[in-house]
Amino acid sequence: MKVIILGAKGNLGQDLVAAFAAAGHEVVALDRGDLDVLDLDAVRERILAERPLAVINAVAMNDVDGAEDPAKRPFAFRLNGEVPGFLASLAREVGSVFVHYSTDYVFEGTKPGGYAEDDEPKPVSAYGESKLAGEKAVAAAGGQWYVCRLSKIFGRPGASELSKPSFVSIMLKLARTKPELSIVDEEVGSPTYTKDIAKATVRLVSGGYAPGIYHLVNEGPGVTWYGFAKEFFDLLVVTTPCQPVSSDAFPKPAKRPKFARLLNTKFPPLRKRLEALKSFFTENPDIF
């Protein structure tokens, strides 16, 4: 199967390329330097020329606070909303499966028990609104489409200049350089390893699943940022003192959902989060 992966040098994109290649698929890996997804004519020309059987969109504007800026908001809605809809329509036109990634930030965050795929989205930030706009645009395009919601992903930093280090990498760096850490003990989510998301995407594309929204998250209870940090600090025996604090200690422009654990009720469970963390550290000893 020929697969086009957009955002191929990003944190998730690089693992998608590796996972599809390992599964024996022909991968056309495209990043910003190869194809600007905002140039819709160029995108259309490339996809019509390649005629892939699957198009995977791992491109996004993920600057949550930046999206609150009136000057940046239109860009967020274009990249996170309009472009996915265009790609989904184009994929349907050429008979391709289309995969797009969304976020737990489409939810209001008022359900301590977590959100299932069919729960009603109600974002509390411009970023969340832009991602919900993308979900709706993809669904409206029809065809064989999948929207995969993710939460607090961790993995190796991408090769793209726009890739950001994950929370895990940031915390481990700070633990080496600071005498004590203050970590927000709010924003419950479902941290997930990018390699597991990539492998699940391969299974989703080739498994004949019904079109729709899927939550791809490692199994485990919802955790705050502080709770998650304690999990991997304990695994690595990091002894830097950590203090739980409220989000008021680090005020930010965008509101975050307080409880946004994603419940996977439609796809075979991904492995447990602690297992995934152990694999991540074993496979990337240079990360800590």
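## Helices α1 and α6

Helix α1 (residues 11-22) and helix α6 (residues 194-206) have axes that come within 8 Å and cross at roughly 50 degrees. That angle makes α1 oblique to α6. The crossing is right-handed. The model is predicted.

On the α1 side, the contact is made by N11, L12, D15, L16, A19 and F20. On the α6 side, T194, K195, I197, A198, K199, T201, V202 and V205 take part. By class, the residues of this contact divide into eight nonpolar, three polar and three charged.

## Helices α7 and α8

The axes of helix α7 (residues 225-236) and helix α8 (residues 273-283) come within 11 Å. They cross at roughly 55 degrees. Here α7 is oblique to α8. This crossing, too, is right-handed.

From α7, the residues in contact are F228, E231, F232, L235 and L236. They meet R273, L274, L277, K278 and F281 in α8. The contact of α7 with α8 has seven nonpolar and three charged residues, and no polar ones.

Is N80 buried or exposed? Its relative accessibility is 1%, so N80 counts as buried; the cut-off for buried is under 20%. N80 lies in helix α3, which spans residues 73-94.

Which side chain makes a polar contact with the side chain of N80? The partner is S130, at 3.0 Å.

S125 lies in the loop between β4 (97-103) and α4 (126-141). With a relative accessibility of 4%, S125 counts as buried. Its side chain reaches the backbone nitrogen of G128 at 3.0 Å.

What does S125 touch beyond residues up to four places away in sequence? The contacts are E68, Y105, A254 and K255. V94 is 31 residues from S125 in sequence. In space, the two lie 34 Å apart, C-alpha to C-alpha.

## Recap

Two helix pairs were described: α1 is oblique to α6, and α7 is oblique to α8. N80 counts as buried at 1% relative accessibility, and S125 counts as buried at 4%.

Definitions and conventions. Residues are numbered from 1 along each chain as its sequence is written. This is a predicted model: local features need pLDDT of at least 70, side-chain atom pairs count only at pLDDT 80 or more; totals for chains, interfaces and linings use all residues. Side-chain values use heavy atoms; hydrogens and water are left out. Axes are lines fitted to C-alpha atoms, for helices over the stretch in contact, and angles run from 0 to 180 degrees between N-to-C directions. Helices (H or I, at least four residues) and strands (E, at least two) are DSSP runs, numbered from the N terminus. Angles under 35 degrees count as roughly parallel, over 145 as roughly antiparallel, 65 to 115 as roughly perpendicular and the rest as oblique. A crossing is left-handed if the near helix is turned anticlockwise from the far one by less than a right angle, and right-handed if clockwise. Contact means heavy atoms within 4.5 Å. Ala, Val, Leu, Ile, Met, Phe, Trp, Tyr, Cys and Pro count as nonpolar, Asp, Glu, Lys and Arg as charged, and the others, Gly among them, as polar. Buried means under 20% relative accessible area, exposed over 50%, partly exposed in between (1.4 Å probe, protein chains only). A polar contact is a pair of N or O atoms within 3.5 Å; within protein, one must be able to donate a hydrogen and the other to accept it, and residues adjacent in sequence count only if both atoms are side-chain atoms.
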